[in-house]
Structures are given as C-alpha cells and as structure tokens.
Amino acid sequence: MKKFLGFALILVLSIALAACGSEKDKSGSDTDKESKKLVVGASNVPHAEILEKAKPILKEKGIDLEIETFQDYVLPNKALNDKELDANYFQHLPFLESAIKENGYDFVNAGGIHIEPIGLYSQKYKSIDKLPDGATIILSSSVADHGRALSLLERNGLIKLKEGIDKTTATTKDIIENKKNFKFDAEYEAALLPKIYESGEGDAVLINSNYAIDAGLNPLKDSIAIEDSESPYVNVIAVNKGDENKEEIKALVEVLHSKEIKDFILEEYKGAVVPADK
C-alpha cells in the first residue's frame with residue numbers, strides 16, 4: 001500500500017511538472033524571449049555612439065547589442081572575416097568595395113546608415129581660395145579616400161580630374177590640371193591626420209569627419225571646405241555574405257534607419273554627420 005501511494009504521488013508530481021513546462025513553452029518565457037547576442041565592430045565616433053543609442057531599442061526586440069571599438073580601418077574587416085564579429089560599422093561603401101577586391105572578403109552591404117562629409121582643414125589659411133601656389137595638401141594613406149579628397153578639391157575649382165573616370169577611385173595620377181601646383185602627401189594613416197593638422201604640418205589636411213569629431217573639431221565650423229550631403233560615401237553595415245538575411249541584422253538596420261536614430265544623428269552632430277537610407 002505504501003509503495004502504491006508513493007508511486008501515485010510521483011505520478012501526480014510528474015504530471016504537474018509537465019503541465020508547468022507546457023505552460024512555459026506556450027508563454028515563451030523560457031525560449032522565445034531569450035535574447036540574441038549581436039556583436040558589432042565600430043569606430044569610436046560617430047559609429048559607436050550611434051550604436052549605443054540603438055542598444056536599448058534593440059534590447060526591446062530581444063537583441064543584446066555588444067559594441068567592440070576599433071581605432072583603425074583594417075582590423076574591423078579582419079575581425080569580421082574571422083567571424084569574431086557579426087557585423088561592422090565604420091567604413092563607407094567605396095572603402096568596403098576596395099577592401100573586398102584587395103583581400104577577397106566575402107562581405108556584403110546590409111544597409112547604408114549615414115554620411116560623414118570629409119573636410120579640408122588648415123592652421124595657416126582661413127579660406128580655401130587663400131591656399132598659395134605650391135601648397136602641400138595632406139591626405140590619408142588609404143587610396144580608397146583619394147578620389148573623395150580630390151573630388152572635393154575639384155568641386156572647389158582647385159584641380160581638374162580626367163573626364164569620364166570613376167571619381168571614387170581617382171588618384172593624383174588622374175589630375176590633368178593643377179594651376180596652383182599643389183603637392184600631395186599621402187604618408188599618414190587616416191587616424192593620425194587630426195594630430196598632423198594640430199602640429200601645423202603641411203598647408204591643409206583632408207580629414208574624415210569621424211576622426212575630426214573625435215579630436216574635438218567641428219567639421220562645419222573648423223573646415224575651410226567640406227563635402228555636401230550628396231556624397232556617395234555612405235557608411236554601411238557590413239556583414240559576411242548571407243548574414244544580411246538574419247533577423248538580428250535586419251533589426252539592426254531597421255533601428256538605425258528609424259526616426260529616433262535619425263533625429264539623434266541630426267541633433268548630436270549638427271550636420272557633420274548626415275542620416276542616409278541607402
């Protein structure tokens with residue numbers, strides 16, 4: 001009789017536990033609501049700051065965003081290629097295309113988020129038309145930035161590039177008119193250019209806005225020339241091919257395109273960073 005009662009008690013408890021488990025599965029409290037982790041590599045400014053703003057919104061969608069910051073333009077793509085990151089957010093589209101071509105990366109653009117207008121800065125001259133004959137213009141050692149920098153100079157009437165070329169891939173060899181005999185120095189990495197500017201080296205320095213902002217410069221006020229919002233250099237979310245279809249990647253891009261994030265970008269950076277929907 002005791003054995004029978006013990007067996008019956010065990011049976012009742014088993015049924016009760018099974019029922020509880022079933023209810024948890026129905027409610028999704030144990031499985032459906034489990035957060036997904038998303039690791040994204042980014043430059044400090046403005047990329048990581050924008051991602052920080054997106055983090056609580058993604059949290060509401062069940063995605064835990066982890067941000068890894070980088071100080072250069074090489075390691076974030078290596079880390080993505082090695083699957084140490086789920087995505088990165090630091091580079092403009094021409095740079096991504098160049099990195100894919102040069103390194104054989106199997107990356108795709110999951111969505112364009114913003115544009116950082118490149119600017120020309122000078123410690124010696126207050127306006128671009130004051131640059132003297134033979135002035136030295138310092139630009140990044142990244143060839144992917146050269147076409148962008150030269151296009152800015154061309155739009156301001158300082159040089160002329162060959163007709164019919166893809167100006168996003170232009171180099172100094174494509175200059176066909178240089179009336180002021182400018183000299184071009186492309187010795188330094190992009191991250192070092194604010195320090196080069198501060199030291200007064202050269203006559204003018206072309207600096208990407210993310211590095212300018214990080215160094216305390218205001219691209220709209222401190223530059224003597226700056227790109228407009230029509231720039232093709234949109235900064236993108238890059239992922240390994242196929243990952244662009246993952247729900248968490250789609251959610252990330254959707255949040256970064258949201259009105260809340262766009263308003264944050266416009267308010268925080270005062271036009272030095274411009275939202276994009278590309």
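Start with the salt bridges: a search of the whole structure turns up 11 of them. The term here means a side-chain nitrogen of Lys or Arg within 4 Å of a carboxyl oxygen of Asp or Glu. Before you click on, note that this is a predicted model, where local features need pLDDT of at least 70, side-chain atom pairs count only at pLDDT 80 or more, and totals for chains, interfaces and linings use all residues. Residues are numbered from 1 along each chain as its sequence is written, and side-chain values use heavy atoms, with hydrogens and water left out.

**Stop one: Glu66 and Lys37.** Select this pair and you'll find a salt bridge whose closest N and O atoms are 3.0 Å apart. Glu66 sits in strand S2 (residues 63–70) and Lys37 in strand S1 (residues 36–43), so the bridge ties together parts 29 residues apart in sequence. Strands (E, at least two residues) and helices (H or I, at least four) are DSSP runs, numbered from the N terminus. Glu66 is partly exposed at 30% relative accessible area, while Lys37 counts as exposed at 54%. For these words, buried is under 20% relative accessible area, exposed is over 50%, and partly exposed is in between (1.4 Å probe, protein chains only).

**Stop two: Glu227 and Arg148.** Next, pick out this salt bridge, with its closest N and O atoms 2.9 Å apart. Glu227 is in the loop between strand S11 (225–226) and strand S12 (234–240), and Arg148 is in helix H5 (residues 146–155), so the pair joins parts 79 residues apart in sequence. Are Glu227 and Arg148 buried or exposed? Both are buried.

**Stop three: helices H2 and H10.** Now show helix H2 (residues 44–60) together with helix H10 (residues 259–269): they pack at an angle of about 140°, with their axes 11 Å apart. The axes are lines fitted to C-alpha atoms over the stretch in contact, and angles run from 0 to 180 degrees between N-to-C directions.
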